[in-house]
Amino acid sequence: MCTSASTRPGTRLSRVTADDDAPVLPRIRPEIAALPVYRQGRQAGADAFKLSSNENPFDPLPGVLEAVRGASALNRYPDATAALLRERLAARFGVTPDEVHVGAGSVSLIAQLLLATAGAGDEVVYAWRSFEAYPSLVKVTGATAIEVPLTDDARHDLPAMVAAVTERTRAILVCSPNNPTGPIVTHDEFAAFLDAVPADVLVILDEAYAEFVTDPDAVDGLRVLGLLGRPNVVALRTFSKAYGLAALRIGYAIGHPRVLDAARATMIPLSVTAQAQTAAIASLDHEAALLERVREIAERRDRLAAALREAGWRVPVAQGNFVWLPAGESTVEFAAAFEGEGLIVRPFPGDGIRISVGEEESVEKVLGIAASVVRTLPEGHAGRGLA
Ligand SMILES: *Cc1c(COP(=O)(O)O)cnc(C)c1O
């Protein structure tokens, strides 16, 4: 039976508007209403350096802009499965196209994989502090987030993460290098971790910064999948960071076809644009140029981290394109000092500041401010090195 609200005085609709002029809003799931509203890293003014979002300071690789301009017409839908790009990635990594899934940024791939595996009553385990998107991505699924503290040197505590697994655990996120703190998980640690995790729990290895890694002991998702053949592991990579295509939103997952099918089933159809697919393929054509700029950023990172340690900061191992200053209670104040000098950094209040490795000209400025603020930290502060 269908009864319209107007024929039923005193129903909920009329009651909610009775007291004031506030509009009636749709009822929002309480766990969603409680989520923090997304705030993007501040957009930099013309003369400021934007070091808050781990973006690549370089222009797109050669030929990418031209390729995007020549991509299919704007009135046509894109290829829903990104078949050409999947073939390219499959050939490059020695897997089949079915073992590759492309999404609108690897953040959407995380969302898809979590939606496919976890719901109300389930649990998702991840290290904390880690990627700021994880808590809300888990919340949206209805599952409960289980946050496992990092070690004192800002690394994943994999044994503690194993200990946090229960029969309700459906997925575990491992971020290597860890955003925002910087350290990697080693291959051996990860292999031991997989041995201890139940085979029916999905392990998402988030490797957004894989290309910047220089530590030969670091885990490499492709190597894990090849060597260990684990159907419960999915490796995620992105074109946003090393490839400098953050604006186009494109990333990929490599894993077992059945697991990726489940992710595809949750995806918003046609969300990966033709322009993004074309740009990604064109970028893969320029491996040498990519490696050259990645090497340059990694060198700049190492120089920056070493100089910050020299200045007295206790900077954790930095293997991404960013460094972490454990500023603790001084985080907001120090971030304002950076900003006052035209450096937009990313503060995590009460915890620390993440600074992306940007333009070469930004490095000296970062060092100048970092060196002057570290002196204001009291002896014994966790942000101070032992020097
Ligand atoms: C930047 C980032 C991503 C992905 O970004 P996309 O632009 O959505 O591909 C994923 N994980 C981590 C840890 C990141 O820092």
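The buried residues of helix H12 are Leu290, Arg293, Val294, Ile297, Ala298, Arg300, Arg301, Leu304, Ala305 and Leu308, where buried denotes a relative accessible area under 20%, exposed over 50%, and partly exposed in between (1.4 Å probe, protein chains only). The model is predicted, so that local features need pLDDT of at least 70 and side-chain atom pairs count only at pLDDT 80 or more, while totals for chains, interfaces and linings use all residues. Residues are numbered from 1 along each chain as its sequence is written, and side-chain values use heavy atoms, with hydrogens and water left out.

Helices (H or I, at least four residues) and strands (E, at least two) are DSSP runs, numbered from the N terminus. Helix H12 comprises the 24 residues 287-310, which at 1.5 Å a residue should span 34 Å; the end C-alpha atoms are 34 Å apart, in agreement with this value. The expected span is 1.5 Å times one less than the number of residues in the helix. The buried residues of H12 pack against strand S9 and helix H14 (360-374), contact being defined as heavy atoms within 4.5 Å. After H12 comes Gly312, with a positive phi near 115°.

Strand S9 also belongs to an open sheet of 3 strands, arranged in the order S9-S12-S11 with antiparallel pairing. Strands S9 (322-325) and S11 (346-348) stand at the edges; each has a single partner strand, and therefore one side of each is left without a neighbour in the sheet. Neighbouring strands are turned by 20° against each other on average, direction ignored. Two strands pair if DSSP finds at least two bridges between them; S9 and strand S12 (residues 352-356) are joined by 4 bridges. Helix H13 (residues 331-340) lies across S9, S11 and S12, running at about 30° to S12. Axes are lines fitted to C-alpha atoms, for helices over the stretch in contact, and angles run from 0 to 180 degrees between N-to-C directions.

Arg354 is located in strand S12 and is the bridge partner of Trp324. Arg354 is buried, with a relative accessible area of 3%. The side chain of Arg354 makes a polar contact with the side chain of Asn179 (2.8 Å). A polar contact is a pair of N or O atoms within 3.5 Å; within protein, one must be able to donate a hydrogen and the other to accept it, and residues adjacent in sequence count only if both atoms are side-chain atoms.
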